[in-house]
Amino acid sequence: MGINYFFFPTKPEVPKAQVTPVTSGPKKETNQANIKEAAKNKDLPPADAQTKPSSVDAKDIKTYNIKTDSFLVSFSSLGGRITEYYIRNHKEADGSDFIIAKDPKFEINFDGQVERAVELSRFEGFDFNIIEDKDGIPYSGYNKVNFVSSYDASTKTITFEAPSFDGKYLIQKKFQFFPTENYFKFNLTLKNLSKETVTLASSGSETFFRSFGSLGPILKGKDEFNDRDTAHYFRYYYLDGSFKDHVDGTTTIGFFDNIFGSGDGKDERFEIKKGINERVDFVGTGSRYFIAVLDPLTHKPAGVLLDNRKGNETGVLLAYDDWKLAPGESVRLDYAAYVGVRELDGTAFRDSKFDPIINKESPFAGLSDSLNKSFNQGITTPLRNAIIWVLKKIYLVIPSYGWAIVIFAILFKLAFYPLNKKQAESMKKMQELSPQIKALNEKYADDPKLKQEKTIELYKKNGTNPMSGCLPMVIQIPIFIALYTAFSDTVDLWNSPFLWIKDLSEPDTVFTTPKLIFIGALSINVLPLIMVATQVVQSKMTTVSTDPNQKMMMYMMPFIMLYFFWSMPAGVTMYWTMQNILSIAQQFYTNKFGKKDDNKPKSANQLNESSNGAIPKKGFRNQQKRKK
């Protein structure tokens with residue numbers, strides 16, 4: 001480890017407005033201490049415990065702060081790595097305000113200025129370092145090396161250099177930031193310093209590169225996580241033309257892999273996946289509202305390394321298996337890195353000269369065309385994006401996402417008014433037919449087939465179809481799925497209050513009970529109760545079934561819905577509640593003021609009279625046939 005002393009860092013000349021070197025000392029004071037404490041509550045040891053050796057003198061460690069339009073980034077020469085990565089409140093390309101940090105708890109002191117920003121690296125940083133032995137992950141041994149550092153003000157590039165552990169090759173890392181962009185450029189150069197060929201990696205003896213670990217923010221302790229919280233943090237990769245993603249902290253080994261495993265004593269803690277026809281396109285990590293992507297621009301790594309240990313927060317490592325350097329030879333690997341919101345707008349270039357589609361000379365030339373797959377928002381993504389677009393447009397007029405959801409629910413109801421009108425009229429007619437259906441059920445109780453025929457005949461005669469009332473509900477299913485992803489994963493709704501609701505992206509918990517025996521603490525949510533109440537009223541107005549089994553289902557449905565919506569984001573529950581209220585209003589209006597039907601169905605007594613009061617006996621239809 002004494003090799004890290006071959007180079008001694010010098011203090012670069014940099015303008016304070018852009019990058020400020022700071023001697024290592026007390027951490028920047030911030031009222032995000034509770035968030036940092038929450039980030040430490042995990043199974044794997046914290047980064048600082050593995051990367052700050054006593055052999056490095058604190059005065060030799062240099063730190064840098066970079067500020068762009070959208071981000072605040074801290075670097076350290078110890079490891080030549082990013083130590084903290086913040087996304088800040090900023091102006092969008094269209095001039096609108098992007099307020100990511102609404103809550104005062106996100107207030108920090110950065111470069112002597114008070115900023116509102118959210119930390120995304122979980123206060124553990126991003127490595128961007130080589131790992132030669134997978135047993136050492138998640139943290140690279142180079143995190144303990146004090147790199148030589150310099151800064152180029154003209155290109156806003158920080159450079160770190162250090163020799164390899166064996167001294168045979170030089171490692172040079174460059175981070176280049178662009179003031180207006182959400183992307184930054186990373187360059188890794190390896191140069192052979194020896195007089196012999198150096199094998200950096202070979203098949204069966206891969207070398208790995210780690211960029212992003214699990215993404216933040218983490219706003220509460222892991223012991224408070226539920227299944228929905230856990231599912232929000234994931235890692236992904238695009239390999240062999242296919243996108244794969246896995247929840248953080250879990251294994252990537254599937255059920256059938258365990259059943260049909262080779263049983264050859266393979267180390268299942270780690271898994272290396274390589275492409276057959278295509279190599280790695282990009283890798284990354286994601287959280288509920290944000291993603292981090294690393295896209296190799298000038299080369300394609302052979303595969304990826306996945307950490308299968310429980311509680312892992314390693315991310316996805318790139319695997320290289322064919323690295324050889326002749327004496328004096330160097331290899332340069334260029335990467336594009338995106339850190340930001342999980343939205344298509346976020347990945348758009350602000351300045352067209354950086355867009356590789358428009359400018360072939362862009363520093364991001366070679367950027368993958370498939371980065372949109374990293375959003376991981378499901379097959380309803382286009383519909384979800386349309387919903388978000390409408391909500392944002394409403395928000396520009398009425399700056400409240402709560403009212404925006406209410407207005408959106410009304411607009412959606414109006415857009416499907418013809419279908420909803422047909423549904424309401426169908427329900428009204430079905431209620432009018434209810435006595436006759438009951439009479440048919442009693443008459444033909446012993447002949448189900450004839451009962452079905454007579455019922456269908458009754459529907460046709462009165463021009464109604466019980467299935468027509470279900471059509472609007474079927475249409476709303478993909479809308480509901482899109483709404484769930486929109487209200488769950490859209491950063492605009494995060495920490496957006498409305499009436500008594502503190503956060504539209506979370507359940508509207510108003511009270512949490514002390515821990516109870518067997519069930520633990522119970523959250524009391526108001527909106528699901530209101531939603532179920534409206535569901536019951538709506539069911540009472542539209543239910544016409546006389547089948548006991550169907551009636552039982554109707555009684556059980558509110559409890560099923562209550563369970564289903566209890567932990568839903570308040571925005572989703574509020575939208576569904578509004579739909580119920582609007583449906584009740586429309587059904588009430590249709591029942592009271594709907595057009596009168598001159599061919600109003602006969603009552604049950606009239607139906608019996610038309611049959612001369614004769615109630616068919618068992619086998620009646622066959623007897624009629626024999627008479628003929």
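Helix H6, residues 401–415, and helix H12, residues 570–593, have axes that come within 9 Å and cross at roughly 40°. Axes here are lines fitted to C-alpha atoms, for helices over the stretch in contact, with angles running from 0 to 180 degrees between N-to-C directions. H6 and H12 are therefore oblique to each other; angles under 35 degrees count as roughly parallel, over 145 as roughly antiparallel, 65 to 115 as roughly perpendicular, and the rest as oblique. Their crossing is right-handed, a term used when the near helix is turned clockwise from the far one by less than a right angle.

A word on the source: this is a predicted model, in which local features need pLDDT of at least 70 and side-chain atom pairs count only at pLDDT 80 or more, while totals for chains, interfaces and linings use all residues. Residues are numbered from 1 along each chain as its sequence is written, and side-chain values use heavy atoms, with hydrogens and water left out.

Which residues in H6 meet H12? From H6 they are Gly402, Ile405, Val406, Phe408, Ala409, Ile410, Phe412 and Lys413. Their partners in H12 are Gly571, Met574, Tyr575, Met578, Gln579, Leu582, Ser583 and Gln586, where contact means heavy atoms within 4.5 Å. By class, this contact has 10 nonpolar, 5 polar and 1 charged residues. Ala, Val, Leu, Ile, Met, Phe, Trp, Tyr, Cys and Pro count as nonpolar, Asp, Glu, Lys and Arg as charged, and the others, Gly among them, as polar.

I turn now to the aromatic rings. The whole structure holds 44 aromatic pairs, counted when ring centres of Phe, Tyr or Trp (its six-membered ring) lie within 6.5 Å. In one of them, the centres of Tyr86 and Phe123 are 6.4 Å apart and the planes stand at 75°, so the pair is edge-to-face; planes under 30 degrees apart count as stacked, over 60 as edge-to-face and the rest as tilted. Tyr86 lies in strand E4 and Phe123 in the loop between strands E8 and E9, 37 residues apart. Tyr86 is buried at 2% relative accessibility, and Phe123 is buried at 15%. Buried means under 20% relative accessible area, exposed over 50%, and partly exposed in between, with a 1.4 Å probe and protein chains only.

Finally, of the 628 residues of the protein, 50% count as buried.

How values were computed:
Helix = DSSP H or I, 4+ residues; strand = E, 2+ residues; numbered from the N terminus.
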